[in-house]
Amino acid sequence: MLRRGARSGLQLTVAAHSRALGPAIGGCRVRHYEDWRDGLADALRLAKAMTLKCAVAGVPFGGGKSVVALPPSASPELRLAALEDLGELIGSLGGSYIPGPDVGTGPEDMVVLRRHAPQVFCLPPAHGGVGSSSAPTAVGVLVALRAGARHVFGSPSVAGRKVVISGFGAVGSHLATALAADGAAVTVSDVDDAKRLRAAELGLGWVHPDDAPAEPADIFVPAAVGGALSPGVISLLTAPLVVGPANNQLTEDSVAHRLDSQGFTWIPDFVAGAGGIIYTLAREIRGLDHAGATAEVEGIEATTDLLLTRARSNGTTPLAEAITLATTRTKP
């Protein structure tokens, strides 16, 4: 659904890819796009990925996404007006799409949406939600990484491994500190050069984002925006294992075959990055405590192991096996 906000005058998009398993869920993305149509395309791609993520994770929801296309240097007042507009649009859908935070939004923004929408995820704890899902998302990536390391290197341990993380945001920083604590040599990159000081304080290496894929490594972690893996990037890659939380990492599905044919093991983003939704739904829908919800997130390791084993046995790719699993679970 497309609508121009009455308060903000900005273009709003709400995309629901599937409701076969239940209401569509997916984050609210607020960022600048060169053209609002780019935001629409982003919403459609991300909604499809959320359907796959929910199906593989085994949760009873479909995939959706909402996008606000902000102009450059938007004022706080304009941003707030756009969120009010989006909340009103979501509310008009009667609960068929349920939002949560995404790039450019956080738990406090969900409070604004909740003024108009019947339900949102990841409200601040003071408002009855679990707050940011960055930490459980990182947990899911870490256990997927362990499964991948077991298949690629023969051991789940990252001790002594060189890891390059492209994107030093909320999830990327969780991953960096956890991997370093486990003995990995971690190098990070980010488009925000101001984060370089924080990386140095943590004892992490730094590389320019454009040079991150070519940095010699054992494991490459895409943790920024989508489209990180293109044929050109693959020609630069050195790490045999690629796993991370960034959504829509492949510029096109055929890139998965190219990765496989060139000896790389890529774990689909909608598998590795599902920890946030698994945790949030376990806490906010099913009422599990932190330990119980975290244990469910850790189940991503077994799922990853299953997909990698099937791919090896069937001569396919982890992406093909993940899509097969998702399709099986979404059939009536």
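Mentor: A helix is a DSSP run of H or I with at least four residues, a strand is a DSSP run of E with at least two, and both are numbered from the N terminus. This is a predicted model, in which local features need pLDDT of at least 70 and side-chain atom pairs count only at pLDDT 80 or more, while totals for chains, interfaces and linings use all residues. Residues are numbered from 1 along each chain as its sequence is written, and side-chain values use heavy atoms, without hydrogens and water.

Trainee: How many helices and strands does the chain have?

Mentor: There are 13 helices and eleven strands in the chain.

Trainee: Why is the chain called as compact as a globular protein of that length?

Mentor: Its radius of gyration is 19 Å, close to the 20 Å that the globule rule gives for 332 residues, so the chain is as compact as a globular protein of that length. The radius is taken over C-alpha atoms, and the rule is 2.2 Å times the number of residues to the power 0.38. Along its principal axes, the C-alpha trace spans about 55 × 50 × 40 Å.

Trainee: What is the order of the five strands in the open sheet?

Mentor: The order is β1-β2-β4-β3-β5, with mixed pairing; two strands pair if DSSP finds at least two bridges between them.

Trainee: What makes β1 and β5 the edges?

Mentor: β1 (2-4) and β5 (97-101) each have a single partner strand, so one side of each is left without a neighbour in the sheet. On average, neighbouring strands of this sheet are turned by 25 degrees against each other, direction ignored.

Trainee: Which helix packs on the sheet?

Mentor: Helix α1 (residues 36-57) does, touching β1, β2, β3 (24-32) and β4 (62-70). The direction of α1 makes about 155 degrees with that of β4. Here contact means heavy atoms within 4.5 Å, and angles run from 0 to 180 degrees between N-to-C directions of axes fitted to C-alpha atoms, for helices over the stretch in contact.

Trainee: How do you know that β1 and β2 pair?

Mentor: Three bridges join β1 to β2 (residues 11-16), and the two run antiparallel. Within this pair, Arg4 stands opposite Gln11 in β2.

Trainee: Which strands stand in the open sheet of six?

Mentor: The order there is β8-β7-β6-β9-β10-β11, and the pairing is parallel. At the edges, β8 (205-206) and β11 (265-266) each pair on one side only. Five bridges join β6 (residues 162-166) to β7 (residues 185-189) in parallel, and Ser166 stands opposite Ser189 in β7. Helix α5 (residues 170-181) packs on this sheet, touching β6, β7 and β9 (219-222), and its direction makes about 170 degrees with that of β6.

Trainee: How many disulfides does the count come to?

Mentor: A disulfide is a pair of cysteine sulfur atoms within 2.5 Å, and by this rule the count comes to zero. Cys28 is in no disulfide, its nearest cysteine sulfur being that of Cys122, 12 Å away. The sulfur of Cys54 lies 13 Å from the closest cysteine sulfur, in Cys122, and is therefore too far for a bond.

Trainee: Why is Cys28 called buried?

Mentor: Buried means under 20% relative accessible area, exposed over 50%, and partly exposed in between (1.4 Å probe, protein chains only). Cys28 has a relative accessible area of 0% and is therefore buried; Cys54, at 0% relative accessibility, also counts as buried. Of the 332 residues of the chain, 52% count as buried.

Trainee: Is Asp85 buried or exposed, and why?

Mentor: Asp85 has a relative accessible area of 2%, so it is buried. This residue is found in helix α2. Leaving aside neighbours within four places in sequence, its contacts include Gly5, Arg7 and Leu12.

Trainee: What makes Ala20 count as exposed?

Mentor: Its relative accessibility is 54%, so Ala20 counts as exposed. Ala20 has its place in the loop between β2 and β3. Although 40 residues separate Ala20 and Pro60 in sequence, they are 8.7 Å apart in space, C-alpha to C-alpha.

Trainee: Which value of phi does Ser73 have?

Mentor: Ser73 has a positive phi of about 55 degrees, although it is not a glycine. Ser73 is found in the loop between β4 and α2, and with a relative accessible area of 78% it is therefore exposed.

Trainee: Why is Asn248 called buried?

Mentor: Its relative accessible area is 18%, so Asn248 is buried. Asn248 also has a positive phi, near 50 degrees, in a residue other than glycine, and is found in the loop between β10 (241-242) and α8 (254-261).
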